[in-house]
Amino acid sequence: MKKVTIFTDGCCKGNPGPGGYGCIIKFNGEVKELKGGEKLTTNNIMELTAAIVALQALKEPCDVELTTDSQYMKKGMTEWINGWIRKGWKTASRQPVKNKDLWQELHRLSKFHKVKWSWVKAHNGHPENERADALANEGLNFI
């Protein structure tokens, strides 16, 4: 199975407001960058979208380390999602899970690929996280 490293970030100017996402995909010495945006979105939607876009770009099942600065996404995929599924996509307080469609797609993709979810502190000088952040901000130009 190919080993791939992915770095993702999302941004939003106003929350909700215009937002962007950025992804860096590294494989075998090659680097691919992806970015995009939406006119009206939230920061969390853009964080999830960045991971979805990056994982969808992989053409075959891969062994992926995906690094994000979003605790929401990392905890969602490593701590919360199985409970949400068990509870019919309800939170611990019995409320519907926000962004359910995006979580379902991330869950599907994480079954297709073997994904290790990693977290890095935002705006802390991590080169790929800083680049993913720059790509997310550039993504605002696409809307």
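Q: Why is N137 called partly exposed in this predicted model?
A: N137 has a relative accessible area of 25%.

Q: Where is N137, and what is it in contact with beyond its neighbours within four places in sequence?
A: N137 sits in helix α4. Leaving those neighbours aside, N137 is in contact with C11 and K13.

Q: What makes V97 count as buried?
A: V97 has 9% relative accessibility. Buried means under 20%, and 9% is under that cut-off, so V97 counts as buried.

Q: Where is V97 found, and which residues is it in contact with, leaving aside its neighbours within four places in sequence?
A: V97 is in the loop between α2 and α3. Its contacts of this kind are W84, W89, K90, T91 and W103. For V97 and W84, 13 residues apart along the chain, the C-alpha separation is 7.3 Å.

Q: How do you know that E30 is exposed?
A: The relative accessibility of E30 is 58%. Exposed means over 50%, and 58% is over it, so E30 counts as exposed. E30 is found in strand β3. From E30 to P96 the C-alpha distance is 40 Å, and the two are 66 residues apart in sequence.

Q: Why is the pair R131 and E33 called a salt bridge?
A: The closest N and O atoms of R131 and E33 are 2.8 Å apart. The rule asks for a side-chain nitrogen of Lys or Arg within 4 Å of a carboxyl oxygen of Asp or Glu, and 2.8 Å is within 4 Å, so the pair is a salt bridge. Side chains of opposite charge can pair when their charged atoms come close.

Q: Which parts of the chain does the pair R131 and E33 link?
A: R131 belongs to helix α4 (residues 127–139) and E33 to strand β3 (residues 30–41), 98 residues apart. R131 is partly exposed at 30% relative accessible area, and E33 is partly exposed at 37%.

Q: What makes K35 and E138 a salt bridge?
A: Their closest N and O atoms are 2.5 Å apart. That is within 4 Å, so K35 and E138 form a salt bridge. This pair also links distant parts of the chain, with K35 in strand β3 and E138 in helix α4, 103 residues apart. K35 is partly exposed, with a relative accessible area of 33%, and E138 is partly exposed at 25%.

Q: Why do E65 and K116 count as a salt bridge?
A: The N to O distance is 3.8 Å. The cut-off is within 4 Å, and 3.8 Å meets it, so the pair counts. E65 lies in strand β4 (residues 62–68) and K116 in strand β5 (residues 114–119), so the pair ties together parts 51 residues apart in sequence.

Q: Which residues do salt bridges that share partners join into one network, and how many salt bridges are there by this rule?
A: The network joins E33, K35, R131 and E138. The count comes to 8 salt bridges.

Q: Why is α1 called roughly parallel to α3?
A: Helix α1 (residues 43–56) and helix α3 (residues 100–112) pack at an angle of about 30°, with their axes 10 Å apart. Angles under 35 degrees count as roughly parallel, so α1 is roughly parallel to α3. Their crossing is left-handed.

Q: Which residues of α1 and α3 meet, and how do they divide by class?
A: I45, L48, T49, A51, I52, L55 and Q56 in α1 meet L102, W103, E105, L106 and L109 in α3. By class, this contact has 9 nonpolar, 2 polar and 1 charged residues.

Q: What makes α2 roughly perpendicular to α3?
A: α2 and α3 pack at an angle of about 95°, and their axes are 11 Å apart. Angles of 65 to 115 degrees count as roughly perpendicular, so α2 is roughly perpendicular to α3. The contact is made by Y72, M73, G76, M77, I81, W84 and I85 of α2 and W103, L106, H107 and S110 of α3. These residues divide into 8 nonpolar, 3 polar and no charged.

Conventions: Residues are numbered from 1 along each chain as its sequence is written. This is a predicted model: local features need pLDDT of at least 70, side-chain atom pairs count only at pLDDT 80 or more; totals for chains, interfaces and linings use all residues. Side-chain values use heavy atoms; hydrogens and water are left out. Helices (H or I, at least four residues) and strands (E, at least two) are DSSP runs, numbered from the N terminus. Buried means under 20% relative accessible area, exposed over 50%, partly exposed in between (1.4 Å probe, protein chains only). Axes are lines fitted to C-alpha atoms, for helices over the stretch in contact, and angles run from 0 to 180 degrees between N-to-C directions. Angles under 35 degrees count as roughly parallel, over 145 as roughly antiparallel, 65 to 115 as roughly perpendicular and the rest as oblique. A crossing is left-handed if the near helix is turned anticlockwise from the far one by less than a right angle, and right-handed if clockwise. Contact means heavy atoms within 4.5 Å. Ala, Val, Leu, Ile, Met, Phe, Trp, Tyr, Cys and Pro count as nonpolar, Asp, Glu, Lys and Arg as charged, and the others, Gly among them, as polar.
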